[in-house]
Amino acid sequence: MKDGQALCVNNAGGFFLASPECLERLNADHLKESDRSFLQTRGHIPDSRDRLGQAAFAFAKAQRLLRPSQLDYLILVPTLRCNLSCSYCQVSRVSENQSGFDWSEETLSAVLELLDTLETRHIKIEFQGGEPTLRPDLIGRVIEKCARFERREFVICSNLQNVTDELLALFDHPEVFISTSLDGDPATHEHNRTERSDATNQFLANLSMIVRRYGPTKISALPTINPTSPPDIDDLIDSYTRFGLESIFLRPINYQGFARKRHKDAREQGREWREFYERFVRRVIQRNWEDRSRVLEETYFSITLRRIFYPGRERHVDLRSPNPMGIDYIVVDHDGTIYPTDEARMLSRSGVIDLSIGTIESGWDSEARDLLNRYASNEHDPACRQCAFQPYCGRDLVDDIARYGRIDLPRYETEFCRRHMHLFGFVFEMIYDQDPAVRYSLARWLRLPATPTSFGEVLA
Ligand code: SF4
């Protein structure tokens with residue numbers, strides 16, 4: 001951190017900022033009485049006689065290591081067909097008119113049977129593709145089957161090119177949400193995705209209609225950014241606020257599927273991406289301060305922030321450790337194959353490596369799954385054990401395989417590590433920034449009712 005200060009983090013994720021003088025005392029083991037008192041009362045060095053303090057520390061650590069055990073999140077791919085061919089496409093989809101790429105009757109029955117056997121009371125289902133809305137009938141059958149769950153959430157990922165009455169009837173369910181892609185202004189979106197102005201206009205008209213019909217909370221959108229030619233930041237934000245959308249999940253091109261072939265330089269995100277990312281978040285903070293009628297956020301920054309402050313609550317599957325595969329969520333592909341993650345499906349589709357762990361008919365309690373799960377934690381990684389960010393960070397085996405074809409590279413040499421090292425460093429810089437505009441946004445992103453005077457303590 002700046003001015004010779006250092007961030008100190010305990011194994012349970014409690015943290016403080018140490019001044020250079022404090023660091024010297026810590027290194028020399030010459031702590032003042034006031035230092036000891038601070039460290040003990042904040043739970044950084046619980047006294048061995050303090051049984052309650054020890055238990056609290058163990059509990060806090062266990063919360064960080066929470067291992068999900070119940071299947072309650074399904075990513076379903078009812079069809080691999082799509083009516084667009086975006087250059088960023090990660091799934092190597094097939095064209096709209098090809099046959100043999102939708103769920104068979106047997107696969108549909110097996111999915112419905114699976115839903116019958118789940119013990120969870122809450123279910124989340126994401127419909128992916130291809131373009132899943134080409135088969136609204138299959139989506140409808142799944143939604144119908146979920147009536148027995150106490151809480152249900154469905155996300156239909158769609159390019160919104162063609163919104164039929166049948167599809168609108170599905171969107172009308174209050175538990176159904178829509179996720180789409182919006183790469184910025186119409187020209188950028190057209191260049192990356194729709195390729196023709198009539199298709200772009202159709203998409204924008206559908207997006208407007210959906211926001212008018214349901215309000216902006218029904219829909220979320222994500223831009224895919226090419227770090228070598230990023231869009232103008234205000235233009236990008238404006239293209240979202242124009243539709244009342246407040247969350248923007250900045251994603252660099254994912255090194256998967258079609259993108260792997262067409263955007264070879266996407267394997268590593270360098271300095272350009274990180275600089276763009278920081279400038280974007282700072283601009284969002286500034287705009288939130290200037291106009292407090294709504295709260296804009298960069299979604300991954302908010303997720304990271306909540307992972308720091310709310311252990312065990314943030315279940316984002318790309319940023320967790322342990323990150324068990326095929327346990328609490330699975331992907332059911334168009335042919336009934338089960339993958340542990342959507343990225344694993346993309347890698348397999350691209351012919352890089354088969355990461356399937358089973359099939360919907362035969363199950364996925366397989367050797368392949370067990371093998372992956374042996375390495376699905378950062379807990380014992382020698383580099384991560386030395387890293388201050390370990391309690392908040394994650395483990396993404398599939399990302400390593402996608403980029404390097406192996407999972408045993410030293411952590412520091414992986415893009416996952418470099419990206420998160422930068423991100424956590426940036427988030428903590430913001431946590432210790434005293435600018436009221438920064439504190440205002442951080443408080444909103446943490447869903448706090450008011451803005452605290454500080455987010456972290458300093459030991460002088
Ligand atoms: S930032 Fe890198 S070293 Fe630190 S915990 Fe994450 S992956 Fe491990």
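This report covers the cysteines, strand pairing, and aromatic contacts of a predicted model.

Local features need pLDDT of at least 70 and side-chain atom pairs count only at pLDDT 80 or more, while totals for chains, interfaces and linings use all residues. Residues are numbered from 1 along each chain as its sequence is written, and side-chain values use heavy atoms, with hydrogens and water left out.

**Cysteines**

The structure holds 0 disulfides (a disulfide is a pair of cysteine sulfur atoms within 2.5 Å). Cys8 is in none; the nearest cysteine sulfur, in Cys22, is 6.4 Å away. Cys8 is buried, at a relative accessible area of 17% (buried means under 20%, exposed over 50%, partly exposed in between, with a 1.4 Å probe and protein chains only). Cys146 is buried too, at 0%. Its sulfur lies 15 Å from the closest cysteine sulfur, in Cys157, too far for a bond.

**Strands**

Helices (H or I, at least four residues) and strands (E, at least two) are DSSP runs, numbered from the N terminus. Strands pair if DSSP finds at least two bridges between them. Strand E3 (residues 73-76) runs parallel to strand E6 (residues 122-127), joined by 4 bridges. There, Leu74 has Ile125 of E6 as its bridge partner. E6 also pairs in parallel with strand E7 (residues 151-157), over 6 bridges. Phe127 stands opposite Ile156 in E7. From E6 the chain passes through helix H5 (residues 136-145) to E7, a right-handed β-α-β crossover (with the strands pointing away from the viewer, the path from the first strand over the helix to the second runs clockwise).

**Aromatic pairs**

Rings of Phe, Tyr and Trp (its six-membered ring) pair if their centres lie within 6.5 Å; planes under 30 degrees apart count as stacked, over 60 as edge-to-face and the rest as tilted. The count comes to 18 aromatic pairs. Two of them are tabulated.

| Pair | Centre distance | Plane angle | Class |
|---|---|---|---|
| Phe389 and Phe428 | 6.0 Å | 15° | stacked |
| Tyr392 and Phe424 | 6.0 Å | 40° | tilted |

Phe389 lies in the loop between helix H15 (382-385) and helix H16 (397-404), and Phe428 in helix H17 (residues 415-431), so their pair ties together parts 39 residues apart in sequence. Tyr392, in the loop between H15 and H16, and Phe424, in H17, are 32 residues apart. Phe389 and Phe428 are both buried; so are Tyr392 and Phe424. These four residues belong to one aromatic cluster, which also includes Phe15, Phe309, Tyr432 and Phe455.
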